[in-house]
Amino acid sequence: MADLVHLERHRIARRENAGRGPVREFLAIGLGGQQYGVELTGIREILSLPPLTPVPRAPRHVLGVCSVRGQLVTVIDLRRRLRLSDDSPPRRARVLLTELDSDIVGLFVDEVRQVMRLSESEIEPAAAAMGGEVSDHVIGIARPQGQVVVLINLSTIVPR
Amino acid sequence: MVEVSEKAREDFFSEAQEIIEVLSRNLLTIDELQRHGSSDPSLINEAFRSVHTLKGLSSLFGAPTMGGLAHHLEDVLDDLRLGRVDFDNTVLDLLFRAVELFTKVLAIEKAGGVQPTAAVDELIDQIRRMGATPGPSADDQVNYELDPGILSVLTEYEEHRLRSNIEGGLRLFKLRVRFELATIDRALEEIKEQARKLGEIITYLPTGESGGIETIELDLLMASGHDLGTLVGALGGDNVIIEEVPRRRAGGVSVAPRPMARTAEHHPTGQAPDLVPFEATLAMPNEQLASLRSVSQTVRVDIRKLDHLMNIVGELAIVRGAIARMAERLHNDGHRQVGTELMRLHRNFDRRLEEMQDGIIEVRMVPLGQVFDRLARVVRQISHDVGKDIRLVITGAETEIDKLIVEELSDPLMHMIRNSIDHGIESASERDAVGKPLTGTIALNAFQKGNHVMLEVEDDGRGVDEKAVLERAVRLGKVSPDEVDQLTRAEILNLIFLPGVSTRDSVDDLSGRGVGMDIVKTNISKLGGVIDVHSEFGIGTKTTITLPITLAIVSALMFRVAGNTFAIPLASVSEAIAFDSAGVRQVDGRDVISLRGTTLPICRLDELLGIERSAPHPNRSFAVVASLGTRRLGLVVDQLLGQQDIVIKPLGKLLRDVRGFAGATELGDQHVGMVLDAASLIDEVLVSSDIGLRSGKAGHG
């Protein structure tokens with residue numbers, strides 16, 4: 001359900017990175033007012049926010065469950081995982097579907113911005129400077145066009 | 001590629017499983033017949049053939065342990081069916097052990113692990129030692145006007161059957177039958193079935209004659225003690241011509257084999273049908289017959305595919321709801337005619353959808369006999385091991401239940417039956433002393449009751465010693481000493497389902513370790529079932545399991561609490577009542593209300609589940625009475641929405657630690673609702689404290 005604007009940006013990003021060796025594609029997402037990146041290969045689908053049913057007794061980072069074409073999906077709030085502010089969901093909120101241990105899991109994000117194509121040289125490995133729990137989920141940091149984007153690892157961000 | 005080979009492996013496992021089950025069933029029937037002093041050679045032959053197939057399959061799929069076992073077993077069965085080895089109890093025991101071993105080896109083959117090679121080798125060794133005495137050499141016993149053509153194509157087994165039938169003084173008949181190619185499988189089975197009552201069909205061969213492309217003509221050689229007239233009366237028809245094969249005259253010197261056509265001259269009735277020599281039949285390759293026989297009417301389907309179909313039906317049900325709402329809106333918005341037409345379509349759709357749902361559920365159903373056969377084997381084995389003479393009486397094996405439930409039933413039932421054998425049925429001397437028949441009886445009954453299947457395991461053993469159970473429960477701290485006097489008999493009996501409380505103190509190989517019945521109960525409640533026990537000390541014990549027919553679609557009660565919609569399976573709800581919060585009293589620090597003179601513990605669901613509530617509790621609310629066995633708990637909810645058939649979907653792995661829910665279900669308009677697991681909520685609220693034992697005064701009468 002990525003809309004046309006995103007695809008257009010994707011195309012622009014592709015052109016800018018053309019001819020710079022092996023690249024990885026990341027989806028730039030907004031979370032609690034900051035920008036993060038998740039690897040595109042791990043994302044199966046992007047949904048506009050479906051009606052969520054809260055699950056009593058579930059851990060705090062579980063926003064609820066929803067049904068995607070008959071399949072039950074647990075939706076995780078990435079903001080709570082990353083200890084960011086979790087104000088009421090903005091209008092542009094999306095759910096990214098990813099596969100985890102053969103379960104489909106939904107990741108709630110404030111907004112989906114664009115696809116970034118980054119070559120390995122553009123990814124700065126997670127530095128020791130980033131202490132605390134966060135560093136477990138961080139692949140590295142990228143600075144496309146002067147912005148700071150934290151690249152996060154989908155397979156470790158969801159607690160199991 | 002991987003998928004194909006995995007699918008093939010799956011098929012192999014399920015086919016091997018089926019073969020082993022058929023083998024087991026045949027052995028049980030043979031065992032039963034032996035006891036009555038009769039036998040049915042076709043059963044042994046069938047057993048031989050199924051093991052033969054198993055051998056072939058095993059080597060095809062690289063399962064050497066199973067293949068080796070099948071190979072040696074095949075030899076023994078071959079000796080048995082050819083009469084080289086006598087069928088006695090030793091042989092039967094060996095065969096039953098082989099079935100057990102096959103089951104084990106197959107499970108290991110499937111799940112991976114170390115094969116019990118030592119056990120297999122030991123059994124093979126025993127099979128070998130049984131050996132065969134050489135069978136009677138071919139002699140001139142066969143003094144019938146049979147064409148050598150037919151004799152030469154008889155298998156060794158058929159020849160053996162022919163000989164023993166002739167030795168038994170039976171007459172030989174030839175049946176010429178004509179079948180439709182499309183239905184030859186069934187037609188052949190039918191005539192075999194009919195013929196079985198009158199004799200035995202030794203072999204059948206296509207004549208090579210054909211009345212058309214669509215039909216095939218066969219000659220059946222049959223041995224019977226009846227005369228031609230009887231056979232014609234019973235089996236004859238438009239497509240079946242029967243004649244007797246004449247016996248050679250005493251001292252007959254006919255050395256040269258006569259063509260079959262000539263036998264007509266000796267035919268007692270003098271009729272001379274235009275017989276074709278049997279030689280002609282040899283031209284027809286056997287493979288062709290084999291390929292015709294493989295035209296099967298059944299397919300094997302992975303249950304997950306049926307789950308998928310059931311999910312689609314669930315989604316269609318949601319579409320159905322949307323159509324109904326749209327029809328109503330059209331109707332009210334001035335488009336009366338279109339609205340009415342759409343409503344009619346909706347009703348039609350509704351009916352078809354229901355039929356489809358019923359159809360899918362029906363496909364999922366399998367007879368309970370599948371489990372019962374396994375249990376019959378266990379009873380035979382264990383009663384033998386512990387030296388008790390026990391008769392297992394099974395009724396209702398044809399009762400059908402969801403395939404998934406059948407799979408999960410086998411362990412709990414096994415445990416219950418073991419309990420009956422170990423702790424229920426007394427030793428022969430004990431039984432003799434109290435004047436009971438020396439042979440103990442365990443009855444396994446199944447029957448359908450509405451949307452439920454009832455299963456009973458009943459024994460005529462010593463019954464549950466309530467005093468001992470109560471003492472043990474007090475010792476384990478499950479019941480406080482001052483509570484003892486307040487417990488009803490039903491409540492005391494149900495104590496055996498608590499962890500650690502066993503029906504007897506002895507610790508032995510099979511059960512009685514004090515774990516068991518609690519696990520049985522847990523497994524049964526996982527299936528949405530309820531278990532109850534009735535027992536008379538000294539007379540016997542009856543354990544009853546009530547199960548839903550299917551897990552795929554569940555009738556549920558829908559309700560709302562603090563703005564959330566929930567469902568609870570109706571199977572675990574005894575009633576729903578309106579109550580006034582003014583009637584709530586406190587007993588032992590717990591909220592209770594009076595319900596028709598009994599005390600019902602209640603619990604506010606929002607508080608239990610930790611749901612935040614924006615509005616205060618309404619004065620008048622509802623209690624959904626969840627029940628598990630004799631325990632009851634009133635769950636207080638805001639609003640009842642009514643009954644609905646739901647498809648329960650399991651919560652994902654991320655939520656596996658969240659207790660109290662069986663899953664979630666779609667509600668329509670894209671929303672989902674959580675489905676409560678009554679058993680775990682009741683356990684949580686009641687069992688962790690002692691009050692649960694006293695809550696169910698209205699339990700069982």
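These notes go from the whole chain to the sheet and then to the interface.

I worked on a predicted model, in which local features need pLDDT of at least 70, side-chain atom pairs count only at pLDDT 80 or more, and totals for chains, interfaces and linings use all residues. Residues are numbered from 1 along each chain as its sequence is written, and chains are lettered from A in the order in which they are written.

**Chain B.** I found 21 helices and 22 strands in chain B (DSSP runs: H or I of at least four residues, E of at least two). Of its 701 residues, 34% are buried (20 or more other C-beta atoms within 10 Å of a residue's own, placed from the backbone).

**The sheet.** I looked up an open sheet of four strands in chain B, ordered β2-β3-β1-β4 with antiparallel pairing (two strands pair at two bridges or more by DSSP). Its edge strands are β2 (199-206) and β4 (240-245) of chain B. Six bridges join β1(B), residues 171-180, to β4(B). I also noted Lys174(B) opposite Glu243(B) in β4(B).

**Helix on the sheet.** Helix α7(B), residues 156-167, lies across β2(B) and β3(B). It runs at about 140° to β2(B) (angles run from 0 to 180 degrees between N-to-C directions, with axes fitted to C-alpha atoms, for helices over the stretch in contact).

**The interface.** I checked contacts next: 22 residues of chain B touch 20 residues of chain A (C-beta atoms, placed from the backbone, within 7 Å). On the chain B side, β22(B) gives the most, with four residues.

Definitions and conventions
A residue is buried if 20 or more other C-beta atoms lie within 10 Å of its own, exposed if 12 or fewer, and partly exposed in between; C-beta atoms are placed from the backbone. Two residues are in contact if their C-beta atoms, placed from the backbone, lie within 7 Å.
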